[in-house]
Amino acid sequence: MRGVLAPNSSRTMNQARTAPDKLDTDWLLLLAAWLLVTSATLGSLFFSVVMELPPCSLCWHQRIFMFPLVLVLFMGLFPFDPKVVRYALPLSVVGTVVALYHMLLQVGVIPESAAPCSQGVSCADVDLLVFGFASIPVLSLLAFGAVTALLITVLWRSFR
Amino acid sequence: MKKLVLVFGAAGILVGAFILAAFIYNNQRAEKLASIEKANPVENAFVRGYAQRLGPRDAKVTLVEFLDPGCETCAAMSPHVKAIVDAHPGRVQLVVRYIPLHQGADTAVKMLEAARKQGKYWETLQLMFDTQSEWASHHHPAPEKLVEFLPSLGLDMTRLELEMQGVDIANILQQDIADAKKLGVRKTPTFFVNGRLLRPFGLPQLQALVASQVAINY
């Protein structure tokens with residue numbers, strides 16, 4: 001096995017040892033992913049804490065996969081450890097799937113009767129649109145999708 | 001070092017943006033609330049003529065409480081809210097508005113308004129708060145159980161059950177829910193003092209907000 005999926009990959013370990021302060025591409029990709037998840041986390045907290053919008057159950061499921069990424073990716077930045085992709089990618093992939101499901105539910109592709117949230121806050125209601133077009137699940141999908149793409153790029157580069 | 005500066009600099013900017021956005025959002029919300037009050041000081045989304053009051057109507061400090069008879073915090077706050085009105089005799093009026101967020105609370109509100117027609121508003125509200133665990137359990141909300149408790153107040157239950165179905169009461173509930181939505185009320189209880197939202201929530205904060213408005217207006 002090669003690449004970051006292989007435990008104790010010598011290439012990645014050497015990278016970390018030889019260039020502790022070099023802004024190489026992989027590190028910058030991880031940084032971009034970390035900035036995205038941190039912005040998404042703060043944004044979601046803004047909706048619930050400042051605007052007091054109650055999160056629906058699907059929102060909570062997406063939070064479960066988004067919030068830990070802030071800490072997981074941060075730990076991968078200091079010291080630089082490309083293997084963090086092993087732990088971050090599963091979270092972002094599952095988050096993407098939940099966000100996609102939520103978005104399809106909101107636009108009506110999936111009927112609300114199929115949703116796991118008949119009580120409390122409706123997952124299908126659109127409470128607000130950011131920038132006039134993006135509902136909260138759309139923002140979530142964009143963030144999860146972009147983070148997944150960045151992490152896959154790091155993974156792909158390690159296989160080359 | 002370069003990496004640390006980059007990451008912590010970016011984190012600082014993000015957190016700073018969050019705080020700034022929160023500040024701007026709260027200011028805009030406060031301005032919007034104030035404009036609703038200024039447009040018509042007598043009848044507006046905060047205060048409706050039909051709403052139950054405690055204290056004189058000409059009191060210059062109006063404490064508006066959006067409550068739900070099934071809400072535990074409303075029950076816990078209730079004696080303290082009355083104490084605040086009593087602490088500033090003649091200067092503070094409490095206006096009760098409804099936002100029935102708990103399941104079955106709309107039925108309780110209708111009963112409460114029907115009891116008001118028999119002159120037993122505050123006693124009924126107190127009894128509803130006291131018996132919350134019986135009828136407003138989150139797992140088994142059963143507002144119909146209130147029918148067992150209310151007769152102890154000497155209410156004419158036949159009349160109450162007829163009057164709680166009235167259109168006037170349905171209209172009150174509908175208007176209160178519409179006003180709550182307009183004011184962005186999403187939690188119970190939510191307090192406004194002369195159009196100012198109590199935030200952060202808390203009893204000392206509420207006492208201080210009322211006291212500051214009394215000081216400004218008297």
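1. A residue is called buried when its relative accessible area is under 20%. Glu113(B), at 5% relative accessibility, therefore counts as buried in this predicted model. The points below begin with this residue and its partner, then turn to other charged pairs and to chain B as a whole.

2. Glu113(B) forms a salt bridge with Arg116(B), with an N to O distance of 3.0 Å. Both residues belong to helix α3, which covers residues 105-116 of chain B, and they stand three residues apart, or about one helical turn.

3. The salt bridge between Asp176(B) and Arg97(B) has its closest N and O atoms 2.8 Å apart. This pair connects distant parts of the chain, since Asp176(B) lies in helix α8 (residues 167-183) and Arg97(B) in strand β3 (residues 92-98), 79 residues apart. Asp176(B) is buried, with a relative accessible area of 0%, and Arg97(B) is also buried, at 0% relative accessibility.

4. Asp176(B) and Arg97(B) also take part in a network of salt bridges with shared partners, whose members include Glu43(B), Arg48(B) and Asp179(B). Over all chains, the structure holds 11 salt bridges.

5. As for the fold, chain B has nine helices and five strands. Read from the N terminus, their order is α-β-β-α-β-α-α-α-α-α-α-β-β-α. The C-alpha atoms of the chain fill a box of roughly 75 × 45 × 30 Å along the principal axes.

6. Chain B has 218 residues, of which 47% count as buried. Among its contacts with a separation of 6 or more, 77% involve residues 24 or more positions apart.

7. The accessible surface of chain B is about 10800 Å², and carbon and sulfur atoms contribute 59% of that area. The chain carries 24 positive and 21 negative side chains, and the centres of these two sets are 13 Å apart.

Note on methods: Residues are numbered from 1 along each chain as its sequence is written. Chains are lettered from A and ligands numbered from 1 in the order in which they are written. This is a predicted model: local features need pLDDT of at least 70, side-chain atom pairs count only at pLDDT 80 or more; totals for chains, interfaces and linings use all residues. Side-chain values use heavy atoms; hydrogens and water are left out. Helices (H or I, at least four residues) and strands (E, at least two) are DSSP runs, numbered from the N terminus. Buried means under 20% relative accessible area, exposed over 50%, partly exposed in between (1.4 Å probe, protein chains only). Contact means heavy atoms within 4.5 Å. Accessible areas come from the Shrake-Rupley method with a 1.4 Å probe; for residues, only the protein chains shown count as cover. Lys and Arg count as positive and Asp and Glu as negative; His and the chain ends are not counted. The place of a charge is taken as NZ of Lys, CZ of Arg, CG of Asp or CD of Glu. A salt bridge is a side-chain nitrogen of Lys or Arg within 4 Å of a carboxyl oxygen of Asp or Glu.
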